Every structure is written in structure tokens, then in C-alpha cells.
Amino acid sequence: MKRSFKALSIFTLVCLGCYIVVLYFSNDTSLSNKHVAREGYDKLSQIIGERLNQMWVKDKEEHEKEKQQHEGKEEVKPPKETEQEVKPEKEQQEEEKNEPKETEEKVMEQDEKQEEPKEKEQKKPKKTQKPTLPPCPEVPPNLVGPIAVDFSVPRVLEEMGKYVSDAVKEGGRYKPEFCTARQKVAIIIPFRHREQHLAHWLYYLHPILMRQQLDYGVYVIHQAGEGIFNRAKLMNVGYMEALKEYDYNCFVFSDVDLVPLDDRNLYRCYNEPRHLAVAMDKFNFRLPYNTYFGGVSSLSKENFLQINGFSNTYWGWGGEDDDIYKRIIFKKLFISRPSMMIGKYKMVRHTRDPHNESNPKNPDKLRQTLWTMDQDGISNLEYLVTKTDKQRLYTMITVNIKAPSG
């Protein structure tokens, strides 16, 4: 309305001004009339100017007010009107009374939900990390030295478990309880028809090995069938099968009829291959010859692979010990031995087994060791496991090694 009124006022003043201008410049009018028209024109111009100035000032003030109001609305936004109707006072009071109950119930529910996982956590057994054990001492502290060994007492293989500590677990596995063994040792025993000898071996050796603080397992490798016996090939099989069960890094190869007479003769590996049975009662506690490497010996995994294990071709008795000695020398390794006092052994007296007679062909093979050792051994070993029997004091693995008939 204000803008339309202003426009109408301006239009009226403009029309009046035009009329005065026409009157002033008309030829028919008199001088006095022109003078009046002139004065009217001046007066009208003054009125129009003042009016326009007032209108301009007012417009400016209104424009500034509108601008300020617009800015104020942007800074402070009024709260949105709720569509819900205002509830009566009684309903509000009832709701306020009920609200604490509802909130209390919700809090109780939340507390119960929080307590449930805590109860579950308490029920679950906590996984306790096993403390890292210190390494076992270099020299085991519980060694006794010389041992009395008596084979005249009859022993039954099935009853040996009651004579050996329960610390020895299924499969003949043992590890020290209070320290970490320095080596993981697999003891390999080639075997056939020697149950009485094995009973003696288990009776004496388990206590010795436990005092020596070894992490060890006992593997009896039983040759199936009645073909010609092959001790060396069975020891290769024992090496392969033991590694399938545990990450052994040391291997002790022992005849089943040999028991040490001193527990300071440690069944462990050294930097070089180790010959342990250096003084057997069979040979009057002396070496039968300087290059002898039979009876009981130990080799690290690295050394055993370096010489490609034992030969697989020595069927029958004799020759395989001398072959392994040559392999060690040809690979420029040295042999270490305990002293004659500590390296004493006692052998169970027995007659030679059938199908294990001396083989006259074996000595001739020793001349070929240098040229055959890299192709004959672990690299070309073939066998078939027919049975694995886990007893508490040992693991017996029965294998078919494709033995020729005797």
C-alpha cells in the first residue's frame, strides 16, 4: 500500500507540473498569468523536491530495518512449533510420575546386560601364557657317573612302564620340566625279534636320558617280514619318520643291545659326528680299530644330510659302519669321541639273528663309497610303513623295505 500511494503522489505532482509548464509557455496567456505560473512552477518544484527527499529518506530507513530484521532471523532460529497438542496438567503429572519407573527399569536392564558378558568372561578359563623357561645347563646337574647294569634279571617288555617315571609320555617322549633342553633328540633303534633286549634298553636308558635333560623321543624301527636284515636302511627310515612327528635337530643311532655304563656319556650332537660306543665290553673296553664307527653314534641333522645318510645297499651283517665312516671323512668332517672311561658300554650277549649273517659282498662295496654316496642314501630311500604303534615308552614303526629273501 505504501509503495502504491507513493507512486500515485509522484504521478499527481508530475501531472500538475506538466500543466504549469504548458501554461507558462503558451502564447495565449498574459504576462501576469505567466508570472503566476512561474511562481507556481518554482513552488511546485520545491514541494516535489522536498517530498521526494522525504520519501527517499523513509525508504532508506525502512530498507535498513528490514535488513537488520533479516539478519537477526538468520542468527537466532526460533524453535519449531510442535504439532502435538498441549496435554492437560493431570496427564503431564501422571506421565512425570511414571517416567522415573520407566527409566529405572531401563537402567536395570542395561546393568543386567552389562553383567551378563562379565559373568561369561568369568566362566571362560583364562588363557595363561606359559612362562619361558631358561635353557638347561650345559652340564646336567643330576648325573651320577658310573652305572651298574645287570642283564641277568629277566625283564618283560610289556611291564617296563611301571619302572619308568610317568614324566615319559606316549611314544617315548620326554622334555625337562624346569628348563628348555639344548637339543631335540630322536633316538633311532633298528629292530627285529629283540623284545628282551628292548626291555633292558628301556629300563636303563630312559632314566639316563631324563637326567641328561634332553627333549627326546624313542623310535624303534621294526623290519617287517623275514627277509635279509638291513640295519643301515632302517636307520634312514627312522630319520625320515621321526621328522614327520617333531622338529628334531639331533639323531642318535643305537643298537638295541647296547647300554652305557656312565650317564656322563651324553646322548646329544656336537659340531662334528660323534661316536659314543668307544669302549664295549665285547672288545675289552677298547676300540676294535681306529676307524670303527659302530654301536652307537650321533649326528646333527645338518651333518646327516651332508653325508646323505647311511647306505641302503648293505644287506646282512657288516660293512655299513665302515661305509658311514668313509662318508664322514670324504665330506671333510671329523669324528669326536668321549674318553674310554666315560664311553663304556655293556652288550646283551646273544647269538646272531637268522637272516642277518655276514655278507661277503659288503666289503667290496666300500671301495665304491666315494662315487656312490651322493646317489645312495636318503636321496633314494624307498620304504612302506605298514604299522605305527605308540607305546608309552617308545614308538614302534613297522616298515617294508623290500628285503631280499634270506
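This is a predicted model: local features need pLDDT of at least 70, side-chain atom pairs count only at pLDDT 80 or more; totals for chains, interfaces and linings use all residues.
Residues are numbered from 1 along each chain as its sequence is written, and side-chain values use heavy atoms, with hydrogens and water left out.

I then checked the S-S torsion of Cys-250 and Cys-269, which is about 85°, so this disulfide is right-handed. The pair links distant parts of the chain, 19 residues apart, with Cys-250 in strand S3 (residues 250-254) and Cys-269 in the loop between strand S4 (258-260) and strand S5 (274-275); helices (H or I, at least four residues) and strands (E, at least two) are DSSP runs, numbered from the N terminus. I found both Cys-250 and Cys-269 buried, meaning under 20% relative accessible area, against over 50% for exposed and in between for partly exposed (1.4 Å probe, protein chains only).

How many disulfides does the structure hold? I counted two, and I saw that Cys-136 and Cys-179 also form one, with their sulfur atoms 1.9 Å apart. Cys-136 and Cys-179 lie 43 residues apart, each in the loop between helix H3 (89-123) and strand S1 (184-191), and this pair links distant parts of the chain. Cys-136 and Cys-179 are buried.

Last, I noted the pattern 1-2, 3-4, with bonded cysteines counted along the chain.

Key: A disulfide is a pair of cysteine sulfur atoms within 2.5 Å.
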